[in-house]
Amino acid sequence: MTAPTGPGQPGDDPEERDPGLARERTLLSWTRTAISFGALGGTVLRVNAVTGLIILAIAPVIWQLGRVSRGRGARTELPAAGQARLLLITASIVAVSLLCLVIAIFGKAVPGTLR
Amino acid sequence: MSWSRRLAALLPRTVAQDSGGTEPDPRFTFANERTFLAWSRTALALVVAGLAIVQLLPPFPGVSAGRHLLGVPLIALGAVLAVAAYAEWGRNQHALRRGEPMPRSVLPWILAATVTGIAIIAAVVLLISAIR
């Protein structure tokens with residue numbers, strides 16, 4: 001992989017540029033994000049089973065989102081549905097935060113579990 | 001049809017809702033996406049920490065609202081950070097497409113300020129509960 005020469009690389013055809021291992025690193029990053037959702041779901045599961053299961057169900061969706069438009073076809077294939085996927089992640093985190101906020105304020109605490 | 005292809009079919013096929021500029025180097029696009037995902041994981045970690053403090057920690061003696069005082073702002077910060085990360089991703093992508101300098105990020109400042117504030121509150125709550 002050659003070093004990038006400048007932002008935007010005007011004049012180059014994006015389809016001819018090889019992203020190298022950036023694709024793998026990004027896919028791994030999506031996987032870590034899905035695992036984070038799983039970890040949050042596991043924590044919430046101890047406090048509120050239904051909410052925990054909902055958050056756990058989001059994890060595989062996030063993992064699949066990372067694989068969208070990253071098929072085994074063209075090496076330079078770009079994430080065609082980029083903005084919508086990221087918006088979906090943001091919406092998921094905000095929804096999960098609101099759910100956790102409701103649980104934190106109104107839910108029955110299990111104090112001493114982390115003692 | 002695989003699950004990922006079905007999911008892709010449901011999503012609008014736009015790289016960025018920004019018709020100006022030229023498509024940047026894919027490596028920059030990927031790096032911008034990874035940065036967004038890293039902030040998203042940070043947001044999730046804050047939510048987990050906040051929920052664990054409120055729901056799982058034993059109560060602080062003498063400070064009945066101590067756990068909520070620490071946990072609720074962390075959860076709220078998680079939501080704020082997720083939205084701010086998305087906005088920053090859009091700004092960065094916009095700059096990349098136009099070959100402009102990358103905009104200055106406010107996310108580290110927001111995170112540092114809030115964590116410092118919560119650390120000070122935690123110290124005060126611990127001191128009060130130790131005295132009583």
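How many salt bridges does the structure hold over all chains? The structure holds 2 (a salt bridge being a side-chain nitrogen of Lys or Arg within 4 Å of a carboxyl oxygen of Asp or Glu) over all chains.

This is a predicted model, in which local features need pLDDT of at least 70 and side-chain atom pairs count only at pLDDT 80 or more, while totals for chains, interfaces and linings use all residues. Residues are numbered from 1 along each chain as its sequence is written, chains are lettered from A and ligands numbered from 1 in the order in which they are written, and side-chain values use heavy atoms, with hydrogens and water left out.

Select chain B. It has 4 helices and 0 strands (DSSP runs numbered from the N terminus, helices being H or I of at least four residues and strands E of at least two). Of its 132 residues, 48% count as buried (under 20% relative accessible area; exposed is over 50%, partly exposed in between, with a 1.4 Å probe and protein chains only).

Next, select B:Glu33 and A:Arg85. Their side chains form a salt bridge at 3.2 Å, N to O. The pair crosses between chains, from helix α2 (residues 26-56) of chain B to helix α3 (residues 82-106) of chain A. B:Glu33 is buried at 2% relative accessibility, and A:Arg85 is buried at 1%.

Then move to B:Asp25 and B:Arg27, whose side chains meet in a salt bridge at 2.7 Å, N to O. B:Asp25 is buried, with a relative accessible area of 0%; B:Arg27 counts as buried at 12%.
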